Amino acid sequence: MKIITRSYQETINLGKQIGLLLNKGSLITLKGDLAGGKTTFTKGIGEALNIKQVINSPTFTILKIYNGSLPLYHIDAYRLAENPYDLGFDEYYDDGIMVVEWPEYYEALPEEHLDIEFNYIDDTSREINITATKEYEDILKEIEKIC
Ligand SMILES: Nc1ncnc2c1ncn2[C@@H]1O[C@H](COP(=O)(O)OP(=O)(O)OP(=O)(O)O)[C@@H](O)[C@H]1O
Ligand SMILES: [Mg+2]
């Protein structure tokens, strides 16, 4: 499905609404343009999980873990671009929610995931496309109901 957000805050709100639908072990991949809104969306997931720390871009650390009602594992694989490889993180996130920015650069992610792609329209608007693999079809249906 396709959604247009017309401000930074609308993308946070979308992340929060979707975050409320996620479960332990959920994997969300965030694709698309630089400054597309991937980290902004993750801040909204953080709100849904009642995370009090500020979520920012983990580009220089690859993985950040935030503690909320569930742990949030936030990966930014951008730095792996030159040499994609499997860091093995996916082996221990089943107690929380894993969000991966630039999944193209991270090898060996599990097959099942919710994919969200961000396309820049203009300074304040983004087109957001959401697709689901089989196990995430129910969550996608829920998203369709609320958006
Ligand atoms: N509708 C919108 N949704 C999200 N961000 C927006 C929107 N309009 C403007 N912005 C701005 O775009 C930028 C999005 O930055 P953000 O760090 O979320 O992108 P990103 O996709 O994580 O980038 P990167 O690929 O560098 O990690 C912010 O500066 C934000 O204020
Ligand atoms: Mg980012």
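1. In strand S4, asparagine 67 has proline 71 as its bridge partner. Strands here are DSSP runs of E, at least two residues, and helices are runs of H or I, at least four residues, numbered from the N terminus. This is a predicted model, where local features need pLDDT of at least 70, side-chain atom pairs count only at pLDDT 80 or more, and totals for chains, interfaces and linings use all residues. Residues are numbered from 1 along each chain as its sequence is written, while chains are lettered from A and ligands numbered from 1 in the order in which they are written.

2. S3 and S4 (residues 71-76) pair in the antiparallel sense, over five bridges. Pairing requires that DSSP finds at least two bridges between two strands.

3. Helix H1 (residues 8-19) packs on the sheet. H1 touches S1 and strand S7 (125-132). Contact means C-beta atoms, placed from the backbone, within 7 Å. The direction of H1 makes about 140 degrees with that of S1. Axes are lines fitted to C-alpha atoms, for helices over the stretch in contact; angles run from 0 to 180 degrees between N-to-C directions.

4. The sheet is open, with seven strands in the order S1-S7-S6-S2-S5-S4-S3 and mixed pairing. S1 (2-5) and S3 (63-67) each have a single partner strand, so one side of each is left without a neighbour in the sheet.

5. Helix H2 (residues 38-48) lies across S2 (27-32), S3, S4, S5 (97-101) and S6 (114-122). H2 runs at about 170 degrees to S5.

6. Around ligand 1 there are 18 residues (C-beta atom, placed from the backbone, within 6 Å). Thr11, Gly37, Lys38, Thr39 and Thr40 come nearest. H1, H2 and S7 each give two or more residues to this shell.

Terms used
Contact = placed C-beta atoms within 7 Å.
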